[in-house]
Amino acid sequence: MSSIDKLIDIFKKFPTVGPRTARRFVYYLIKLPKNQIDELSRALEELKNNVKLCQLCFNPFEDSGGPSSADLCEICSDLRRNKNLLCIVEKEADLLSIENTKKYNGLYFILGGTLAMMRKEDIDNLRIEPLKERIKTGNFSEIIIALNPTPEGKATSMLIERMLKESFGAAQDLKQSFKITHLAKGIPVGGELEYADEETLESAFEGRK
Ligand SMILES: [Zn+2]
């Protein structure tokens, strides 16, 4: 495989990038001066070396390493956050959108995707077991399922809710009991949190039930 084809192959696997855009990226790179290519390679290298996934919520964060090396992201290690609220989102970008509203002060959990179909291999790609663990070790009074109002998001919300009820609903010895809430309607059907304007997201959040 030629270097050009190899790179096209890599880029076309990126979210929202098809083969046509992938090809454009590669021709753009061919025209870049050597120093910019070096800078790009270094940035990629650093990304892999410096960025970790938070042990609790799976939010990626920059860790400088050394003696102050951390396992938790800024949100999970922030003592001012409300540790009784857990908001389940599909991906990092959704967490950022909610953070940008500045109306939510609880914790998050990044599920890592939604389901197109209820196939076992799709379900296995979600962080269902880590989510159960997270809830067991936490002390939550409310769990907010904030997935996109797309068919996939809705199916996944239902699955999560059922799973939570099965795992935690009947457990008498559980030291906590939490309510499960969903975002209020308002985000356009089929729309995504990532693209919702702040005001819409804010009211969807405040009206959750
Ligand atoms: Zn975290």
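Colleague: At roughly what angle do the axes of helix 4 and helix 8 cross?
Modeller: They cross at roughly 90 degrees, and the axes come within 9 Å. Keep in mind that this is a predicted model.

Colleague: Why are helix 4 and helix 8 called roughly perpendicular?
Modeller: Angles of 65 to 115 degrees count as roughly perpendicular. The crossing angle here is roughly 90 degrees, so helix 4 and helix 8 get that label.

Colleague: Which residues meet where helix 4 and helix 8 touch?
Modeller: From helix 4 you have S97, I98, N100 and T101, and they meet E198, L201, E202 and F205 of helix 8. Sorted by kind, the residues of this contact come to three nonpolar, three polar and two charged.

Colleague: What makes C87 a residue in contact with I98?
Modeller: The cut-off is C-beta atoms within 7 Å. I98 is among the contacts of C87 once neighbours within four places in sequence are left aside.

Colleague: Which residues touch the most other members of the largest nonpolar core?
Modeller: C87 is one of them, along with C57, I88, V89 and A146, in a core of 33 residues. To belong, a residue has to be buried, with 20 or more other C-beta atoms within 10 Å of its own. Elements giving two or more residues to this core include strand 3 (85–89), helix 4 (92–101) and helix 8 (198–206). Strand 4 (107–110), helix 6 (128–137) and strand 5 (142–145) do too.

Colleague: Why do you say this core lies between domain 1 and domain 2?
Modeller: Because domain 1 (3–68) and domain 2 (85–206) both give residues to it.

Colleague: How many residues are in contact across the two domains?
Modeller: Five residues of domain 1 are in contact with nine residues of domain 2. On the domain 1 side, that's four nonpolar, one polar and no charged. The C-alpha centres of the two domains lie 28 Å apart.

Colleague: What share of the chain is buried?
Modeller: Of the 209 residues, 21% are buried, and each of those passes the cut-off of 20 or more other C-beta atoms within 10 Å.

Key
Residues are numbered from 1 along each chain as its sequence is written. This is a predicted model: local features need pLDDT of at least 70, side-chain atom pairs count only at pLDDT 80 or more; totals for chains, interfaces and linings use all residues. A nonpolar core is a set of buried Ala, Val, Leu, Ile, Met, Phe, Trp, Tyr and Cys residues joined through C-beta atoms within 7 Å. A residue is buried if 20 or more other C-beta atoms lie within 10 Å of its own, exposed if 12 or fewer, and partly exposed in between; C-beta atoms are placed from the backbone. Helices (H or I, at least four residues) and strands (E, at least two) are DSSP runs, numbered from the N terminus. Domain bounds come from an automatic or database domain assignment. Axes are lines fitted to C-alpha atoms, for helices over the stretch in contact, and angles run from 0 to 180 degrees between N-to-C directions. Angles under 35 degrees count as roughly parallel, over 145 as roughly antiparallel, 65 to 115 as roughly perpendicular and the rest as oblique. Ala, Val, Leu, Ile, Met, Phe, Trp, Tyr, Cys and Pro count as nonpolar, Asp, Glu, Lys and Arg as charged, and the others, Gly among them, as polar.
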